[in-house]
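Trainee: I would like to go through this model piece by piece, with questions on its domains, helices and interfaces.

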Amino acid sequence: LYFPQNEYIETVYVGQPAGTPILQVHAMLDSDSERPHFYLCWSSLRRPAHSSWFHLDVHTGVLSLNKTLEESDFAFPNQHSWSVKKLVLHAMVLPNFSKKSHCVNRNSPRITLDFVNATLPQCAQTDMKELCFPHRDTSNPHIMENRFPGALRQLRRLTRLNVCPNYTITYNVESDTPAPFAVNENTTELVVTAPLDREESECYRLLLVCTVQTELVITKVETSLDVFVNDEDDNAPYVNGTDTADIVISFNRTKGGSFGTLFVFDRDLTPIYPIDQSHNKYVGTLLNSDPWLDKTFDIKGTFSEKKAAHGGIRETVHDYQLVLKRNLYVNENRTVQLDYLVNDTTYPGLEGTVLLHFNVTILPVQIRFANITQMFTLTRRASVYAQVGRVCVENCQHFDGFSVLYRLEVPDRNVSADLQSCYAAISITQAPDEMWGVLYVNDSGALRRPECQDLQYLVVAQEEHTQQEASTQIHILLDGEANKAGQESQQVLSCAENRRRGDCESVRGLGATTGRCQWRQGTEKGISENYSTCSPDLRTCPDSFCDAVESKDTSICPQDCTKETVIGGHERGLGNGIKAGYGTCYCYSEKCFCEKEDIEEVICDDM
Amino acid sequence: PPFSCHPHLFLHLDEAASSWDGPSALSPEWVDCIQASDMCNQNPYCSSRYRVMRQCLVGKEKEAMLDNNRECQAALEVLLVSPLYDCRCKRGMKKELQCLQNYWTIHMGLTEGGDMDDSSPYEPVAPNRHPDAFRLASISSGNTAPKGFHCPDAERNCNPCLDAAKACNLNNSCKRQRSSYIATCSKEDPNKGETCSKKRCHKALRMFLDRVPTEYSHRLLFCPCQTEGCAERRRQTIVPDCSYKDKEKPNCLELRRVCRQDSLCRSRLADYLVNCWMTPHAVSTCPNQDNHQACLASYARLIGTEMTPNYVDSSFSNWTISPWCTCKGSGNQEEECMNFLRYFTDNTCLRNAIQAFGYGIDNMQNKSVSVPGTSAMTKTGWDWTTGTSEPPFVAIPKVIGLH
Amino acid sequence: ARRQKPCSLRELELTVSELGLGYESDETVLLRYCSGKCTAHRHNYDITMEHMMRTGFKKKGRKDKVSNGPCCRPTAFENDFSFLDNKSR
Amino acid sequence: ARRQKPCSLRELELTVSELGLGYESDETVLLRYCSGKCTAHRHNYDITMEHMMRTGFKKKGRKDKVSNGPCCRPTAFENDFSFLDNKSR
C-alpha cells in the first residue's frame, strides 16, 4: 500500500458544519489482497489540538469535519501567523485495523488546511475554477509501475459539493497520447485502468475537463495534471555489443592505470540519491581464484543516467574497466583471463546477471638503446650547467609504473689522470618522474683544456627493480678553440639578471650553451607568455617547466623555477616560475621584475 | 525609490554593519534562542528535558529516536511550552550560529516529514513599507525578461558591475574585505592539489557579506547588465571556480540533505525560501508584501554555504540562477528534485527583486549621486601582491600588491 | 621661490590599466602615493653628501652617486588588492 | 653594462675641512656613507610611480615628482664626533 500523493491542500471556513467532506486521500495497492485502512496520525508531535475537529473515514479516506468550525477556534496558542491559520494533519494507511495514532513511517502525506476566518463563499461568489478543482493542488501523483488499477485522486472539490445545488458537475480526462486513465462517473475519482510501465512512459500529461451544467449554460473548465510513473527494478541488465575486452599491457603498467571498457545497460533507473540506498544495486565479483590476479587487478565500475534514443526514457549505463592494483615489474610476461560477474541484486528475476571477460596480455619491457652512437656537439665556451642533450632508452616516453636510472661511465678505464679529469666535463641528471637522462656541463674548465679532445662516454640505463641494464656509446664533439691561457676571467652570473639585449648577449651566464646568454625579444603589448628576457638557452628556458638541470640552481633559469615574489604585471606558472610577464622580465636572487623597458633611471635626489 | 544611496561621511573601517537593514533591534515578540536556552537552563524541569533532547538528536538514528523513543517525545512535549519553542535568531547577530543550533535542537524534532520545507529560524521580516513602489518596479512577472535596466545614453560602455567594483574599491573597508575573499578564493591549496580551499573561500565570502554594507555587496551581486562582459563580471563576483563549481555536480536532493545537516546552511536555506518563494498562484510576487530587499538579503546570505547559488552563465538578458547540482540520477524523485531546483531557476520573486534592484540603480544613476568618498586617512601607500595563474580564456580574479 | 610642498600622502583615482603594470582592467582604484620634499629633515650627513657630490668625490677619485636627503617614501603598504581583469569585463 | 653595484656602506678618509660643513681642521676622519643601486628591492608601487612619472601624472594633470625606488640611505647615524680646529694649531 502506498500513497500516490504526498501533499493535499484545501481551504476551510468558519461556519462549515460537522460532517462537511473536505478532501479524499487515496492509496494504491501493492498486492491484490490488500485493503487500505486510513487513519490520521501524528509524527513526534503531541496530538495537535485541532486534530479532534476532523475525521478520516477508515475505508474511503474521506476527510470530513467532526465539528462545526467556530470563530473561537481561531484563538490558538503558539501560532504567530496573522491572516490565515495553517492546520496541518498527517494521514497513514495500514492493511488492517489499528488503534495506533503514531505515524508509522516517513511516507505519511501532509494535509494542509488553510482555515480562513470568514464564511464559505456562496454560489454567486464562487467562480467555475474554484467550484471544479481544489485551489492550489500542486502535488502531482506518482504511481508505481506494474501495479494494479485503482482510484488515485478525487477530482470533485468536496468542500463545494452543496454550494451550487442546481449545477450538474461532471469530469472526464483527455490526453494527447493514449493513456490508461478514466473517470469513475459515480465517485468522480480519477482511475488508472491498467498497470503502467515506466520503461514505456515516465509521465502522463492529462487534461482534466470539468463540465458545469446549469439550466441555461454549459461551461467547461480545464486543468492539466501530470501523473508520474515510479520505477522499480523490473529489467535485467544486458550487454549491447561485446562482453569481452582484449587488453595488452606493455609500457604503461603503473598502479591505478585503467584499461579497456565494457558497457552493461539497464532500462531501469539507478538513482544517486539518497547515496546509501541506491535502488538497482549492482554488485560485481571477480570469479578467478588465482591470488596473483587478486593482488594485481581490480575492476572499477561506474554508472550514469542517460536518455534512451526513442522516447527519451531515462535508463542506466554501467561501465567497467580493468585497473592495476600495483605497478607491474618490467619482466612480467603472462596472459590471463578475468571473468567478472555483474549482478543486479534488486532484480527479482533469474537472469539478473551478466558475465564480462577481460583477456589480458602482459608483455615484458625491453630496456635497450637504439644501436646507434649518439653524437652531441658542444662549444668549448659552454658554461657550467649548459644542457648538452637527452638520452633515452627505446619507448621511454611511453613508460609508466617503473623507473630507469641513467649514469655515465668512462669507456676506457686505464686513461691517464689528465685525461680522466677531462671526463668530469659532462654529467647526467634526471627528474624524479622523467624517463630520460639530461646531459649537462659539469666542469666548464675541463671543456677548455686543449688536452680534452672529443669525449666518449658510455651511458648505462638500469631498471630500478629488476636491475636490467642497457648501455650505449655517446660521442661529445667539442668545437671552438681550447683556451690555452686557462680559465676565462669573466665571472659567470645568472643570465636572467640582464634587462637589455646588449648586456645580455655580452655576458657569460650559468647554463649558457653557447657560452653567452641569449636574448628573447617580446613583441606583444600586454602581459604575454612571450615576454622579453635573457636566457642561457632559449630552447629550454623559459618554457614554464623547471627541468632537472634548471632545478639544480635557481639562477640558471629563475624564469621557470623562481618561488620568489615577482614585481610588476605577470602570471605565475603552476607552482613556480613566470608563465607570462609584462615587457621585460629579469630576476635578482631576491626578486624578479616584469616591467616595460625604462629609458633611464632616476635617482630620487636628482629630482 | 525602492533603493536608496546615502553618502557616507565617515567610514569606520571595522564597522560590522548589519548586512540587512531590517528592524534593528529584535522586535518585542521574539526572544532569541540564546536567551531562551539560558532561561530554560535556569529551570531544572526544562534544562533536564533540554539535555535529553540534545541526546536524542545526536547520531544517525535521530529519526527513529524522535518517532519511537518515549523519553525523547516526553522531552519534546515539555520543550514545546518553553521559550525555546518560539525563539528566533536575528540575522547577523553575535553568536548567530549558536542561536541557530539552539533553534534546531527543538525544531529538528518538529519537522513533520523528512523532506518538507523548514520554517525559518530567523525572525520574520516586517512587511514591506512601500508596496506600491515595488509593485511599480515589479509590474512584469513571469519569465519574459522585462525591459531591464537601461544605460544612460551618455555613457558609451556603461557597466553597472564595473561601477559597483569602483564604489567598493573606493571604500576602504569594502576594498579590503573584497580583496581578502578574492585572495582566499584564488589561492591554490597545495596540500590537496586543488585549485583552492572551498571551505576557507566560503568563510571569507560570508565574512565579506556580513561586514560590508548591502549597498556595496548587493550592488556587486545584483548589478543589472546589458552586455555579456558585464554579466560575466557579475558571475565572477563570488569567484565561482572555487566557491561554486566542483569536479562533479551532486544531485540537488543530496545537496539539500547535506545542507540540512549544517545548522547555518539549513537556516539560511529556510530563510531564503520563506523570503523569496511564493506559491505560483499568489497575488504579489514576493512574500511580506513584495519585500524585495528581504529576498535579496536572504539570497546573498546563502552565498558561502553548501547551497551557494550563482548565475549559471554570462547571458545578460535571460539569466538563470542555480546552486551547483543536477537532477540527473534522482530516480523516482525527479519531480521533487525539479521542484527544489525551481526555487532558484524559476523564481519570479527573486527575478523581480533583482530587476527591481537594477531599477534602483537606474534611479540612483539618473540623480548622478557621487559615489561616497571616504575620509579615512592612511599613512601608507596602497598595495597589491602580484597575481595568480588562471585558465586562458576567462581570467579569474587577479590579486595584486604594490608593496 | 615658494617653499616646495612637504612630503605627504596623496590620492588619485585611476583604472588598474592606468597603473602601468600591464594588467588590463577598467576597475577603478584609489592610488595613494607619497610626494613632496623632505628638505626640513636633512642631517649634517646630507649636507656633506651634497658637497661630496659637487666636488669632494671627484677630488678623491670617486664616482659615487649618493642620496643627499631623506626620500619621500611610504612607511608601509596596505595589504593586497584584488580586481577582475577585462577578460571578465 | 655590468649590474650596477648594490647599495652598500662605503668609507673614505678625509680631513674635517673637506667635509664641506665649514669647519676648518686638518684632523682626519673616516667618512662612512651609503652608495649604490636599490633596484632589486623595488615594489609594484615603484613600477607604478615610474610609469606615473613618465606619463600617468601628466594625463591626470598632476605635476608630482615622486621617488620610483627605495633610496640608498643610512639606517642610523653615529653619535657626535669631536676634533680640535685649526685655531688651536
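Mentor: One definition comes before the rest: helices, of at least four residues, and strands, of at least two, are DSSP runs numbered from the N terminus. Keep in mind also that this is a predicted model.

Trainee: Where is Pro542(A) found?

Mentor: The peptide bond leading from Cys541(A) into Pro542(A) is cis, and its omega is near -5°. As for location, Pro542(A) belongs to the loop between strand S31 (533-535) and helix H6 (558-561) of chain A.

Trainee: Which element holds Asn288(B)?

Mentor: Asn288(B) has a positive phi although it is a residue other than glycine, the value being near 55°. The stretch 287-290 of chain B includes this residue, and the element is helix H16.

Trainee: At roughly what angle do the axes of helix H1 and helix H2 of chain B cross?

Mentor: Two packed helices are described by the angle between their axes and the distance between the axes. Here the helices are H1 (residues 33-41) and H2 (residues 44-56) of chain B, and their axes come within 6 Å. The crossing angle is roughly 115°.

Trainee: Which residues make that contact, and how do they divide by type?

Mentor: H1(B) contributes Ser37(B), Cys40(B) and Asn41(B), while H2(B) contributes Cys46(B), Ser47(B) and Tyr50(B).

Trainee: How much area do domain 1 and domain 2 of chain B bury between them?

Mentor: The domain assignment gives domain 1 as 33-108 and domain 2 as 159-359. Their centres, taken over C-alpha atoms, are 30 Å apart, and eight residues of domain 1 of chain B contact eight of domain 2 of chain B. Carbon and sulfur atoms carry 54% of the buried area, which comes to about 790 Å².

Trainee: What is the distance between the closest N and O atoms of Arg301(B) and Glu96(B)?

Mentor: Between these two domains of chain B there are three salt bridges and four residue pairs in polar contact. The cut-off for a salt bridge is 4 Å between a side-chain nitrogen of Lys or Arg and a carboxyl oxygen of Asp or Glu. Arg301(B) and Glu96(B) form a salt bridge, and their closest N and O atoms are separated by 2.8 Å.

Trainee: How much area do chain D and chain C bury between them?

Mentor: The contact involves 39 residues of chain D and 39 residues of chain C. Tyr33(D), Tyr45(D) and Arg73(D) supply 20% of what chain D buries there, more than any other three residues. With 57% on carbon and sulfur atoms, the area buried between the chains is about 3,000 Å².

Trainee: Which element gives the largest share of the side of chain D that touches chain C?

Mentor: The interface has six salt bridges, including one between Asp64(C) and Arg10(D) with closest N and O atoms 2.5 Å apart, and 24 residue pairs in polar contact. Strand S1 (8-15), strand S2 (28-35) and helix H1 (44-59) of chain D each give two or more residues to this side. The largest share is nine residues, and the element is H1(D).

Terms used
Residues numbered from 1 in each chain as written. Chains lettered and ligands numbered in written order. Predicted model: local features only at pLDDT ≥ 70, side-chain atom pairs only at ≥ 80, totals over all residues. Heavy atoms only, no water. Domains from an automatic or database assignment. Contact = heavy atoms within 4.5 Å. Buried area = accessible area lost by both parts, 1.4 Å probe. Polar contact = N/O pair within 3.5 Å; in protein donor to acceptor, adjacent residues only side chain to side chain. Axes fitted to C-alpha atoms, helices over the stretch in contact; angles between N-to-C directions.
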